[in-house]
Amino acid sequence: MASHRKPRTSVLASPGGRRTAAGLTTAALASVTLLSQSADAAPRAPKPTIEEVKKKVDDLYHQAELATEKYNGAKERADAQRHTVDGLLDAAAKRAEQMNRSRHQLGMFASAQYRTGGMNPTAQLMLAKDPQQFFDRSHLMERLTNRQKQAVTDYQEQAAAAARQRASATDSLERLQKSQASLKESKRSVQDKLSEARQLLSRLTAQEKARLAELERQKEAAAKRKAEEEARRQQERERQRQQTGGGSTGGQTGGSSDGTSTGDSSSTKAEKALAFARAQIGKPYVWGATGPSSYDCSGLTQAAWKAAGVTLPRTTWDQVKVGQRVATKDLQPGDLVFFFDDISHVGMYIGGGKMIHAPHPGANVREESIYYMPIYGSVRPG
């Protein structure tokens, strides 16, 4: 008996089924879209304010300057070590020449001994034509023997000295390699900090850059006001000191804080150093530079005092150890003022609470208030 059951129809095949499938597909796509939107809408870090950007950039410049001083120190050590190695190599070459001469002398004595056949004195006496000939020859051989002994001694001394020089040269080369590695690391650190600062600044809009410049002007103006206030206080102290008969301490007269004169020589040197520093105003800051077309901070102070006949070390950390320590209230033109707890920056005091310094990358040598940065301390070279 034939079956009268209707064949099953696929849900997808029916019109209603197609509508259901279409609805499912639409729902799936909507879910994917919502998920995508949810991912895009994940909370992002808030954009830093201009004040935060300025602080970050200032910190990066400070870190770059710290790395620059490390670079300067490593370069100074590498240059000194390279000079030592060159001297050792020159000495080793001279020592090799001396060893060759001693070796040649020994060779001559060995040849002479070979020609005589090592004959004992009795046989030489019997074969000699007359006794006088023997005694003459014996005397000559005795002199040769003494010279031979001296030649052997000389050679041994030269060989020992050469061994010591080779060991010293090896040690110096190892130190040079370490200094060069430190130099490379410091250079990379400077470049990384400056690159990060440039990237931060490049992402600012024109309006944000204008706001950043305004913040910088405000900071400079505040530092300038503080310098002017300190200058007025210093003038008042000087006036009171003169009224009480304490004598002059200020300016370029070479006076000291206790009213005694440090001499015209120190004053003249400070004037020469200042004249040199002023002539560099407008030249760009370049890290690691010592002039004449660009400078970093310690490169400028070193070059200025060198023009006055005073040799300063290369880094801020060494310059702060040279000369007489002075209080901020007793500063005189030509004194060096150091900044930050890590002593990573230096400027030259010009009076009135101001200095000449090479500020940071992107800026030129300029006059600025010493209160623009936190003061560490000051010294008076010369």
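Modeller: This is a predicted model. In it, α7 is followed by Gly309, whose phi is positive, near 85 degrees.

Colleague: Why is α7 called largely enclosed by the rest of the structure?

Modeller: Buried means under 20% relative accessible area. Nine of the 11 residues of α7 are buried, so the helix is largely enclosed. Among those buried are Cys297, Leu300, Ala303, Ala304 and Trp305.

Colleague: What makes a set of residues the largest nonpolar core here, and which have the most contacts inside it?

Modeller: A nonpolar core is made of buried residues such as Leu, Met, Phe and Trp, joined through side-chain atoms within 4.5 Å. The largest one has 43 residues, and Trp305, Leu336, Phe338 and Met348 have the most contacts inside it. Elements that each supply at least two of its residues include α4 (131–202), α7 (297–307) and β2 (336–339). α2 gives the most, with nine residues.

Colleague: Which core includes Phe340 and Tyr349?

Modeller: Phe340 and Tyr349 belong to a second, separate core of 13 residues, which also includes Ala223 and Val326.

Colleague: How do you know which residues Phe338 touches?

Modeller: Contact means heavy atoms within 4.5 Å. Not counting residues up to four places away in sequence, the residues touched by Phe338 include Thr316, Val320, Pro374 and Tyr376.

Colleague: What makes up the lining of the largest pocket, by class?

Modeller: Lining residues have an atom within 4 Å of a pocket point. The lining has nine nonpolar, five polar and nine charged residues. Asp58, Tyr61, Glu216, His360 and Tyr372 lie nearest the centre of the pocket, and about 490 Å³ of space lies in it. α2 gives the most to this lining, with eight residues.

Technical notes: Residues are numbered from 1 along each chain as its sequence is written. This is a predicted model: local features need pLDDT of at least 70, side-chain atom pairs count only at pLDDT 80 or more; totals for chains, interfaces and linings use all residues. Side-chain values use heavy atoms; hydrogens and water are left out. Buried means under 20% relative accessible area, exposed over 50%, partly exposed in between (1.4 Å probe, protein chains only). Helices (H or I, at least four residues) and strands (E, at least two) are DSSP runs, numbered from the N terminus. On a 1 Å grid over the protein atoms alone, a cavity is a set of points where a 1.4 Å probe fits but cannot get out, and a pocket is an open set with protein on both sides within 12 Å along at least five of seven lines; lining residues have an atom within 4 Å of a point. Grid points are joined across faces, edges and corners, and a volume is the space filled by probe spheres set on the points. Ala, Val, Leu, Ile, Met, Phe, Trp, Tyr, Cys and Pro count as nonpolar, Asp, Glu, Lys and Arg as charged, and the others, Gly among them, as polar.
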